Amino acid sequence: MEFTNQPILIWFVVGYGIFMLALGVIYSKKISTSEDFILAGKSLGPVVLMGTLLATWVGSGSVTGGQNSLAYSFGIWPALMSTVPSLIGIGTIFLISSKIKHYGKYTVAEILEVKYGRWASVLAALIIILAFVGIVSYQFQGLGFILNISTGVSPEMGTIIGAVIIIFLACVGGLMSVAPTDAASAFLVIIGLIFALPIALSAGGGWGEITSNLPDSHTSFTGGLTFIQLMGYYLPTLFLLLGDQNIYQRMTAAGNDKSTKLGTAGWIIGLVIVTPIISILAFISRSLFPDIEPGMALIALTSILPVAIGGILIAALTAFIVTTGNSYLLSAATSVIYDFFGKYMKKDISDHQKLVYTRVLIPVLGIISFLLTMYFPTVLSVQMYAYTVYGAGITPALLAVFLFPQVTKQAGLASMGTGLVATLFWEFFYVQSTGINSVIISVPAAIIVLIAVTLFTQNKNQGRKEVTE
């Protein structure tokens with residue numbers, strides 16, 4: 001089947017965009033402090049929390065990368081199995097959610113500073129910027145794909161327009177406005193995906209016809225990938241989720257522990273519904289549109305659905321992408337202002353100045369994110385880089401704060417540095433030649449260093465303590 005643009009879909013995108021903008025403006029009027037901007041005044045109820053967690057995690061990473069690209073490029077089983085790391089990660093976060101909330105910090109770097117000292121905070125801020133600008137960059141690309149399908153503009157021009165929209169909305173209302181629009185988008189995309197699935201199956205001629213049009217590897221359990229290659233796609237997702245600052249901030253923004261627990265449970269239910277459907281739809285798209293960019297697989301299907309269903313789905317996907325971009329831009333800017341600028345360059349910074357500087361910094365980081373789209377060839381490649389920088393550089397040390405109380409200051413710093421350096425070194429020198437994602441090297445290295453240095457310095461520190469006593 002030949003892919004054709006559907007200009008009528010742009011009206012759904014525009015209509016929902018106006019709704020999001022209006023909601024953002026309304027909620028922005030409730031902002032009077034930096035806590036309102038960053039943590040929504042710690043007032044999120046369980047329904048809104050569930051929606052914002054789902055929309056943050058299932059953003060462009062799933063609808064243009066993740067399950068979408070895996071199903072299109074390698075087949076249905078690798079995509080379906082990619083939900084398992086997310087479920088493991090959410091289950092772990094569910095168990096420590098009360099600890100996260102009661103830490104009451106704005107950023108992950110602040111949590112790390114309590115355990116590992118000032119330099120851990122600085123290093124964490126650097127890692128967060130490197131990772132989150134990468135994540136934001138493929139939100140720009142995802143919105144570019146949508147504008148290409150609905151208007152016919154080139155993906156490149158669509159990416160520029162998408163960057164402008166996401167940066168502007170991120171500056172307007174922070175988490176106070178992002179969370180409600182996230183919730184609305186989450187429920188809308190669930191409805192759109194459920195209605196789209198049987199129609200897409202019918203358009204593809206049924207499951208037998210769909211699979212007959214694909215290579216045999218696309219119906220095999222591994223999709224033609226080795227175990228190491230599969231882990232190279234799954235581990236970045238797990239380790240980003242386990243330490244994702246956006247998730248931790250939303251946990252902290254909940255009104256109480258009950259809201260946190262219910263919101264997390266709802267997030268799991270939503271994920272189990274959404275991600276398998278995304279995988280199946282992208283798999284169908286591979287049969288119908290064998291020559292498109294993998295990142296466009298799910299979005300391209302909206303062009304063959306009934307206008308109402310396609311319009312609802314593309315509007316919701318747009319919202320997912322926009323709000324995810326907003327969240328990561330906001331989170332990166334927060335780290336710079338709270339973990340670096342406010343501590344080391346302007347120690348007397350007022351709460352109002354934090355709010356102003358955060359809004360000023362968002363466009364700067366947005367431009368850096370846009371420039372990053374020119375370096376990585378596909379959405380999936382930049383996604384794996386961004387996830388691994390964060391997952392190897394921060395997550396082992398961060399989880400140790402909650403789960404490994406014996407960890408020492410030296411071990412945390414050494415683990416963070418090892419994860420960051422190993423990821424960057426492998427990404428820029430070995431990924432292309434070996435085909436092995438950096439997570440296979442950097443995450444085990446960060447964990448081994450964390451444990452080894454703890455064992456070494458724990459005894460050494462204990463000895464010093466006994467001498468001083």
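## Helices around the largest pocket

Five helices each contribute at least two residues to the lining of the largest pocket: helix 5 (66–74), helix 12 (227–243), helix 18 (379–393), helix 20 (409–429) and helix 21 (431–434). Of these, helix 18 provides the largest share, with four residues. The model described here is predicted.

## Volume and composition of the largest pocket

The volume of the largest pocket is about 490 Å³. Its lining comprises 24 residues, and those nearest the centre of the pocket are Tyr233, Thr378, Ser381, Val431 and Asn437.

Sorted by class, the lining of the largest pocket contains 13 nonpolar residues, nine polar residues and two charged residues.

## Aromatic pairs

Across the whole structure, nine aromatic pairs are found. One of them joins Trp77 and Phe221 in a tilted arrangement, with 6.0 Å from centre to centre and 40° between the planes. Trp77 belongs to helix 6 (residues 76–81), whereas Phe221 is in the loop between helix 11 (207–212) and helix 12, so this pair ties together parts that lie 144 residues apart in sequence.

Phe132 is located in helix 9 (residues 118–151) and Tyr328 in helix 16 (residues 307–345), so the contact ties together parts 196 residues apart in sequence. Which class of accessibility applies to Phe132? With a relative accessibility of 0%, Phe132 is buried. Tyr328, at 2% relative accessibility, also counts as buried, because the limit for that class is under 20%.

## Aromatic cluster

Phe425, Trp426, Phe429 and Tyr430 are linked into a cluster by ring pairs. Of the helices that line the largest pocket, helix 20 spans residues 409–429 and helix 21 spans residues 431–434.

## Charges over rings

Two contacts between a charged side chain and an aromatic ring may be described. In one, the charged end of Lys261 is positioned over the ring of Phe94, at 4.7 Å from the ring centre. In the other, Arg286 lies over the face of Tyr72, and the distance to the ring centre is 5.6 Å.

Key. Residues numbered from 1 in each chain as written. Predicted model: local features only at pLDDT ≥ 70, side-chain atom pairs only at ≥ 80, totals over all residues. Heavy atoms only, no water. 1 Å grid on protein atoms, 1.4 Å probe; cavity = no way out; pocket = protein on both sides within 12 Å on 5 of 7 lines; lining within 4 Å. Points joined across faces, edges and corners; volume = space filled by probe spheres on them. Nonpolar A, V, L, I, M, F, W, Y, C, P; charged D, E, K, R; others polar. Phe/Tyr/Trp six-rings, centres within 6.5 Å; stacked < 30°, edge-to-face > 60°. Buried < 20%, exposed > 50% of the residue type's maximum accessible area, 1.4 Å probe, protein only. Lys NZ or Arg CZ within 6 Å of the ring centre and 35° of its normal.
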